[in-house]
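Let's take a walk through this two-part model together, from the overall shape down to single residues. Have the viewer open as you read.

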Amino acid sequence: MKSGTVLRKVCALVALVVASALHIAHAEPYLAVREGLKCASCHFNPTGGGMRNVFGNAYAQTALPARRIEGAGTEAWTGMLNSFVALGGNLRTNATYTDVPHNPSTNEFDIEEMRAYLAVIPIPDRLAVYVDQRLAPGGSTNLEAFARYTSKGQQWNFQAGQFFLPYGLRIQDDTAFIRQVTGINFTTPDRGVQVGYEATSWTAQLAVTNGAAGGDETDEGKQVSLRGEYVQNVWRFGAGFNHNHTDAGNRQMQGLFAGVRIGPVVWLGEADYIMDRTLGPTERKQWVGLLEANWLMVKGQNLKLTAEYFDPDTDVDEDEQNRFSLVWEHFPIQFLQLRVGARIYDGIPQNDQQNRRFYFAQVHGFF
Amino acid sequence: MRKAKLCALCTTCLLAACAGDGRGLDENGRPLGESSGGALQPDFKSIQDNVFTPVCTACHAGAAAPLGLRLDEGASYALLVNAPSVEVPSMLRVQPGNPDASYLIQKLEGTAAVGGRMPLNLPPLPQETIAVIRQWITDGAANTMAAGGSANSRFELVQLTAISPARNETVSAPVRDVVITSNVELDTSLMQSNLIELRASGGDGSFDSGNEHDVPVDAVVRSDLPTVLAITPRVAPLAADSYELRIRGTDPVAMADLQARPIDGDGDGAPGGDFVLRFTVEMAQ
């Protein structure tokens with residue numbers, strides 16, 4: 001009786017949010033493509049990642065898990081403590097095994113990250129202050145801290161502070177080439193201002209930041225990031241641009257990304273071309289690419305196959321690198337994800353790190 | 001639908017066939033002869049070639065380097081040795097002679113108070129590798145690159161960089177010294193010619209209102225190759241105020257390197273011009 005009551009509340013919550021076409025969204029890009037939604041549907045950040053909103057939490061309790069279990073209370077978690085304050089968090093803890101050629105293999109337990117999110121919304125739907133704090137491992141580190149104003153029609157938003165930059169697919173894996181090589185990932189927030197535009201099928205952001213990846217600004221140059229995405233029910237297409245002007249030289253990236261749902265499989269793709277004047281005496285040109293298939297095996301289980309490509313210098317032959325990943329992701333119950341995977345690196349034979357094997361099992365709790 | 005799946009699978013296979021075979025390249029993926037790594041030794045060039053470049057620059061390179069820490073060749077030394085950590089500003093990333101007090105070692109060993117162990121999300125460096133870096137620091141953390149970085153260095157001008165405080169920074173912690181680095185070795189004998197002056201604004205944040213006053217300073221050379229200067233107020237820490245540090249880059253006597261090339265202080269791409277650093281101190285104690 002009690003469980004039925006809670007489930008009805010959650011379903012009602014989801015239905016209410018969907019029906020009112022308010023915030024709808026996802027945790028990872030493949031989920032967004034699978035549902036035909038924008039990142040802002042599930043996340044506080046319009047470009048995804050970080051704290052989930054009311055719909056995101058409802059989605060995590062209904063659509064994501066293989067089954068739902070009931071707690072002692074009758075209330076469903078929405079993240080909202082009241083009309084003005086929201087909380088959230090992520091904990092990822094791993095058991096890993098790493099095999100680097102010509103080196104002893106290693107295995108260890110570690111905490112990948114514990115992050116806590118707090119949003120204070122003094123004017124609902126219009127003004128919010130948001131903090132994303134990395135609490136572990138090690139001491140506390142601020143990742144995001146910004147104030148955001150949203151226009152009356154919810155079409156425009158303006159934020160200032162420290163935040164993750166808008167560019168490409170914001171996938172969870174920071175070690176993916178498109179995240180690591182571009183330098184735009186969950187370890188490199190930047191300080192500045194951002195304006196965002198949200199329409200029925202469009203989402204776009206323009207940010208001007210220090211270009212110091214969270215460090216202190218050391219010159220007068222600034223970084224400009226632009227991301228636009230056109231979202232349809234089963235496919236989407238987007239483009240990104242980033243230019244960082246520094247005393248050490250300029251760095252410019254441009255890329256295209258896309259997603260499409262074909263039956264039970266969601267395909268994601270991104271390609272970026274990077275021109276970097278900061279890596280040597282001459283401009284270095286690089287390519288990175290990602291192609292990922294996400295197969296919804298049954299409800300609550302996803303199989304992810306990823307192939308990546310990295311050309312560190314287009315003027316140098318035979319230096320290209322690949323990475324392949326196979327990851328099984330299981331949501332046994334709400335707010336809990338189990339992941340088991342392997343990542344195979346394939347690079348030049350002279351470099352052992354470029355040919356390592358990495359296996360992991362992860363427990364991911366979130367709320 | 002079947003056609004689309006086939007197309008995607010073909011694309012995946014194409015991607016998979018693209019890894020380089022490494023012919024004509026060194027272990028860092030650079031053409032042979034461009035740099036030489038060799039076995040890891042406790043000297044900076046060897047550590048750069050065997051650790052920083054192949055491992056750390058996967059993230060810590062270029063304009064997008066996390067926390068501004070670039071470990072690519074030509075920038076790494078100036079941003080490591082005697083440079084304060086961003087995460088724990090009271091610690092130097094590398095304190096010559098003291099590996100235990102060097103934040104770099106703490107980050108590599110996973111004992112730092114803030115953030116994760118480096119390399120992030122990768123296996124830790126072998127203990128033997130960390131031991132070599134420790135030995136390099138114990139030995140004084142000398143720069144064994146050629147002056148001005150390596151042969152690949154882009155530095156053609158003599159440039160200064162404000163490490164701490166940064167340019168236009170508002171500092172909420174006590175400031176006991178101002179750390180400036182050069183991209184080359186400076187002729188530090190010139191410092192006897194009163195090239196460096198520090199002025200306080202007098203409380204109004206302006207430096208042309210007539211109420212400024214000079215703050216007596218001493219300049220200490222913390223390291224050479226490239227030169228790291230610590231400019232220390234004789235009465236420290238600095239009182240809460242706005243400050244302007246000026247290092248002369250124009251006649252009659254200009255700061256210059258060992259080849260007598262004046263600094264490009266004003267950053268206009270040509271030798272000459274004063275280096276001016278302005279910052280504000282909010283807290284004196």
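## Strand pairing in chain A

Two strands count as paired when DSSP finds at least two bridges between them. With that in hand, look at A:Val265, which stands opposite A:Trp295 in β12(A). The strands β11(A) and β12(A) run antiparallel and are joined by 12 bridges. Keep in mind throughout that this is a predicted model.

On to the next pairing: β12(A) and β13(A) are also antiparallel, and 11 bridges link them. Here A:Val298 has A:Gln301 in β13(A) as its bridge partner. The hairpin made by β12(A) and β13(A) has two residues between the strands, and A:Gly300 in this hairpin takes a positive phi near 90 degrees. In general, strands of a sheet pair through backbone hydrogen bonds, either parallel or antiparallel.

## Chain A as a whole

Stepping back, chain A holds four helices and 16 strands. Its radius of gyration is 21 Å, close to the 21 Å from the globule rule for 367 residues, so chain A is as compact as a globular protein of that length.

Of the 367 residues in chain A, 44% are buried. If you take the contacts in chain A with a separation of 6 or more, residues 24 or more positions apart account for 48% of them.

The average pLDDT of chain A is 88, and 92% of the residues score at least 70. Residues 13-27 of chain A are a place for care: the pLDDT there is below 50, although the stretch has 42 contacts in the model beyond near neighbours in sequence. Where pLDDT is low, the predicted coordinates should not be read in detail.

## A covered helix and a buried glutamine

Is helix α3 (residues 54-62) of chain A mostly covered or mostly open? It is mostly covered, with seven of its nine residues buried. Those buried residues are A:Phe55, A:Gly56, A:Asn57, A:Ala58, A:Tyr59, A:Ala60 and A:Gln61.

Now find A:Gln180, which lies in helix α4 (residues 177-180) of chain A. Why does A:Gln180 count as buried? Because it has 22 C-beta neighbours inside 10 Å, and the cut-off for a buried residue is 20 or more. Leaving aside neighbours within four places in sequence, A:Gln180 is in contact with A:Asp174, A:Thr175 and A:Asn185, and across in the other chain with B:Ala58 and B:Cys59. A:Gln180 and A:Val288 are 108 residues apart in sequence, yet their C-alpha atoms are 9.8 Å apart in space.

## Where the two chains meet

The contact between the chains takes 56 residues from chain A and 55 residues from chain B. On the chain A side, the elements that give two or more residues are β9 (235-246), β10 (249-262), β11 (265-276), β12 (284-298), β13 (301-311) and β14 (321-330). Sorted by class, that side of chain A has 19 nonpolar, 27 polar and 10 charged residues.

Chain B has five helices and nine strands. Read from the N terminus on, its elements run α-α-α-α-α-β-β-β-β-β-β-β-β-β. Buried residues make up 41% of the 285 residues in chain B. Among its contacts between residues at least 6 apart in sequence, 58% join residues at least 24 apart.

The chain is divided into domain 1 (44-138) and domain 2 (160-281). Taken over C-alpha atoms, the centres of these domains of chain B are separated by 26 Å. Eight residues from domain 1 of chain B and 11 residues from domain 2 of chain B take part in the contact between them. The domain 1 side of this contact in chain B divides into seven nonpolar, one polar and no charged residues.

## The sheet of chain B

Five strands of chain B form an open sheet in the order β2-β9-β8-β4-β5, with mixed pairing. At its edges lie β2 (170-171) and β5 (213-215) of chain B, each pairing on one side only. Inside this order, β8 (residues 241-247) and β9 (residues 275-281) of chain B pair in the antiparallel sense over seven bridges. One pair to find in your viewer is B:Ile247, which stands opposite B:Phe275 in β9(B).

How values were computed. Residues numbered from 1 in each chain as written. Chains lettered and ligands numbered in written order. Predicted model: local features only at pLDDT ≥ 70, side-chain atom pairs only at ≥ 80, totals over all residues. Rg over C-alpha atoms; globule rule 2.2 N^0.38 Å. Buried ≥ 20, exposed ≤ 12 C-beta atoms within 10 Å, placed from the backbone. Contact = placed C-beta atoms within 7 Å. Nonpolar A, V, L, I, M, F, W, Y, C, P; charged D, E, K, R; others polar. Domains from an automatic or database assignment. pLDDT = per-residue confidence, 0-100.
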